[in-house]
Amino acid sequence: MKNILDLPHAPMEIMRNNLSNLIPKQFQLAPKCCAYARTSGSSCKSPAMSNGRCRMHGGKSTGPKTPDGLERAKKGNWKHGDYSSESLMLKKEIRQFMRKCRLTIEEVD
Ligand SMILES: [Zn+2]
């Protein structure tokens, strides 16, 4: 009788048989990504996220959702705030105050 180790590709056969034991069950039972894999021609087969695609094929970011994330996104390109609405309102109030002061000085003179 032939021993399996005597076959030409025995180590590969043993690896194939034991491969399912090496991969964790959670990984095996997870829903699979169905994205087309260009290199192999079959589907991707990586564990899928809630959108049905894996971490590599999940698609573009849909942007921040939480209020904290939205706030951080707004401040992402903030330089100095010179043209922010608060700053513009303050500048407008200062101009109005200066105009009133000027008018008052002209009345006194
Ligand atoms: Zn994928």
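The legends below describe several close-up views of one predicted protein model.

Residues are numbered from 1 along each chain as its sequence is written. Because the model is predicted, local features need pLDDT of at least 70 and side-chain atom pairs count only at pLDDT 80 or more, whereas totals for chains, interfaces and linings use all residues.

View 1. From the N terminus on, the elements run α-α-α-α, where helices (H or I, at least four residues) and strands (E, at least two) are DSSP runs numbered from the N terminus. Of the 109 residues, 1% count as buried; a residue is buried if 20 or more other C-beta atoms lie within 10 Å of its own, exposed if 12 or fewer, and partly exposed in between, with C-beta atoms placed from the backbone. Among contacts between residues at least 6 apart in sequence, 2% join residues at least 24 apart, a contact being a pair of residues whose C-beta atoms, placed from the backbone, lie within 7 Å.

**View 2. Confidence along the protein chain averages a pLDDT of 85.** This score is the predictor's confidence in each residue, from 0 to 100, and 83% of the residues score at least 70. Where pLDDT is low, the predicted coordinates should not be read in detail.

**View 3. Helix α4 covers residues 85-108.** At 1.5 Å a residue, its 24 residues should span 34 Å, and the end C-alpha atoms are 35 Å apart, which agrees; the expected span is 1.5 Å times one less than the number of residues. Helix α4 is hardly covered, since the count of buried residues among its 24 residues is 0.

**View 4. Lys45 is in the loop between α2 (25-29) and α3 (67-74).** Phi of Lys45 is near 70 degrees, a positive value in a residue other than glycine. Lys45 is partly exposed, because 13 other C-beta atoms lie within 10 Å. Not counting residues up to four places away in sequence, Lys45 touches Lys32 and Cys33; Lys45 and Lys32 are 13 residues apart in sequence, yet 4.8 Å apart in space, C-alpha to C-alpha.

**View 5. Cys54 is found in the loop between α2 and α3.** With 19 other C-beta atoms within 10 Å, Cys54 counts as partly exposed. Leaving aside residues up to four places away in sequence, Cys54 touches Cys33, Ala35, Cys44, Ser46, Pro47, Ala48 and Met49. Cys54 and Lys32 are 22 residues apart in sequence and 7.6 Å apart in space, C-alpha to C-alpha.

**View 6. Asn51 also lies in the loop between α2 and α3.** Asn51 counts as exposed, because it has 11 C-beta neighbours inside 10 Å. Between Asn51 and Cys33 there are 9.3 Å in space, C-alpha to C-alpha, and the two are 18 residues apart in sequence.
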